[in-house]
Amino acid sequence: MTLKLTSNQKKDKNGLTEEEFLRLYNPDKYPKPSLTADICVFKDGKILLIKRGGHPYIDHWALPGGFANKNEELSQTARRELQEETSLELDDFTPVGVYSKPGRDPRGWVVSAAYGFDLKDREVKAEAADDAKETGWFEIIRDDELYFRKGDVILNKDDLAFDHYQIITDALKVMGL
């Protein structure tokens, strides 16, 4: 009779079972990034942006988003942050990408999962809350580069916080808008 070992009972090259390995494992061995979610909400050729109320990038326009809480899935972070900053309660986001370029956030190593949502014909009212000073629907202008316009305010890629221009560009492609 052959006794089959479960993966928890198998020993690694150091002769340790998984239980022994985990008991000895030091979680501080590898540095960890902070995780965030950013959300691109589109409607009728416009994108919803927030004006940041705090540092970094105070008074710059940005995508709604923020830091994940411990034990929170990033899609839940996206829903929560969108609701906290804009009062919008949306579901069924489209994954856009993961953004991890070193230096993308001056606060340190921050990795963001970006999501998109097309409101299509839905009527909503976005209201600034939490750390957002203001919300605004910006018309997306396609030229050699993207521009964003709300009244007299015209934003180019250098006017947006973080790497949000790249995230918006990618979201438009992923969502076929």
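**Cores, loops and a surface patch in a predicted model**

Colleague: Leaving aside neighbours within four places in sequence, which residues is Ala68 in contact with?

Modeller: The model is predicted. Ala68 lies in the loop between β4 and α2. Beyond its neighbours within four places in sequence, the residues in contact with Ala68 are Leu35, Thr36, Leu74, Thr77 and Arg80.

Colleague: Is Ala68 buried, partly exposed or exposed?

Modeller: Buried means under 20% relative accessible area and exposed means over 50%. Ala68 has 24% relative accessibility, so Ala68 counts as partly exposed.

Colleague: How far apart in space are Ala68 and Leu155?

Modeller: In sequence, Ala68 and Leu155 are 87 residues apart. From C-alpha to C-alpha, their separation in space is 28 Å.

Colleague: Why does Glu72 count as buried?

Modeller: Glu72 is found in the loop between β4 (65-67) and α2 (74-86). Buried means under 20% relative accessible area. Glu72 counts as buried because its relative accessibility is 19%.

Colleague: Which side chain does the side chain of Glu72 join in a polar contact of 2.9 Å?

Modeller: Not counting residues up to four places away in sequence, Glu72 touches Phe67, Thr77 and Arg80. The Glu72 side chain also reaches the backbone nitrogen of Asn69, at 2.9 Å. The side-chain to side-chain polar contact of 2.9 Å is with Arg80.

Colleague: Which element gives the most residues to the largest nonpolar core?

Modeller: The largest nonpolar core has 21 residues, and those with the most contacts inside it include Cys40, Phe42 and Ile47. Two or more residues each come from β1 (34-43), β2 (46-52), β5 (94-99), β7 (132-142), β8 (146-150) and α3 (164-174). The element that gives the most, with five residues, is α3.

Colleague: Which residues is Ile47 in contact with, leaving aside neighbours within four places in sequence?

Modeller: Ile47 is one of the residues with the most contacts inside the largest nonpolar core. In soluble globular proteins, nonpolar side chains tend to be buried together. With those sequence neighbours left aside, Ile47 is in contact with Cys40, Val41, Phe42, Leu63, Gly136, Trp137, Phe138, Ile140, Phe148 and Ile168.

Colleague: Which residues make the nonpolar surface patch of about 410 Å²?

Modeller: One member, Phe21, is found in helix α1 (residues 18-24). Phe21 counts as partly exposed because its relative accessibility is 37%. The patch is made by Phe21, Leu22, Tyr25 and Tyr30.

Colleague: Is the peptide bond from His55 to Pro56 cis or trans?

Modeller: Pro56 is found in the loop between β2 and β3 (61-62). The bond from His55 to Pro56 has omega near -10 degrees. That peptide bond is cis.

Colleague: What is the phi of Ser87?

Modeller: Ser87 is found in the loop between α2 and β5, and is partly exposed with a relative accessible area of 34%. Although Ser87 is not a glycine, its phi is positive, about 70 degrees.

Colleague: What is the phi of Lys120?

Modeller: Lys120 lies in the loop between β6 (110-118) and β7. Lys120 has 54% relative accessibility, so Lys120 counts as exposed. Lys120 is not a glycine, yet its phi is positive, about 50 degrees.

Note on methods
Residues numbered from 1 in each chain as written. Predicted model: local features only at pLDDT ≥ 70, side-chain atom pairs only at ≥ 80, totals over all residues. Heavy atoms only, no water. Patch = residues over 30% accessible without salt bridge, like charges linked within 9 Å, V, L, I, M, F, W, Y side chains within 5 Å. Areas by Shrake-Rupley, 256 points an atom, 1.4 Å probe, with all protein chains shown as cover. Salt bridge = Lys/Arg side-chain N within 4 Å of Asp/Glu carboxyl O. Helix = DSSP H or I, 4+ residues; strand = E, 2+ residues; numbered from the N terminus. Buried < 20%, exposed > 50% of the residue type's maximum accessible area, 1.4 Å probe, protein only. Core = buried A, V, L, I, M, F, W, Y, C linked by side-chain atoms within 4.5 Å. Contact = heavy atoms within 4.5 Å. Polar contact = N/O pair within 3.5 Å; in protein donor to acceptor, adjacent residues only side chain to side chain.
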